[in-house]
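Let's take a walk through a protein fold together. Have the sequence and the 3D view open, and follow along.

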Amino acid sequence: MPDEVVNDAAHHRYEVLHDGAVAGFVDYRFAGDNRIVMTHTEVDERFEGHGIGSELAKGALDDARAHGWQVVPRCPFIAEYIQHHPEYADLVRSAT
């Protein structure tokens, strides 16, 4: 089964599902006027080194784009992902 990134809005996080189980997540909060603040990323240690974190970041950023949200990357992993994938740079907005 391919990995799937879903928005668990009730828990304010994106989850990446691997074989139906949560393999990692990105916590977020909204900061008004269309900003989503991505605060923390975590990947289950069983899945580290397999690209799960990158799939998760891509899925979360693609969803933010689809909703017209601007991203405040407070999480170092998300910030670094954007730095290495400039196609997402247009989503970045400062926290102020």
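This is a predicted model: local features need pLDDT of at least 70, side-chain atom pairs count only at pLDDT 80 or more; totals for chains, interfaces and linings use all residues.

Which residues of helix 2 are buried? They are Ile78, Tyr81 and Ile82, where buried means under 20% relative accessible area and exposed means over 50%, with partly exposed in between (1.4 Å probe, protein chains only). These residues span an arc of only 95° around the axis, so they sit on the same side of helix 2; the arc is taken from the directions from the helix axis to the C-beta atoms.

Residues are numbered from 1 along each chain as its sequence is written, and side-chain values use heavy atoms, leaving out hydrogens and water.

So what lies over the buried residues of helix 2? The cover includes strand 3, strand 4, helix 1 and strand 5 (70-73). Helices (H or I, at least four residues) and strands (E, at least two) are DSSP runs, numbered from the N terminus.

Now zoom in on threonine 41, in strand 4. Threonine 41 counts as buried because its relative accessibility is 15%. Beyond its neighbours within four places in sequence, threonine 41 is in contact (heavy atoms within 4.5 Å) with Phe25, Val26, Leu56, Cys75, Phe77 and Ile78.
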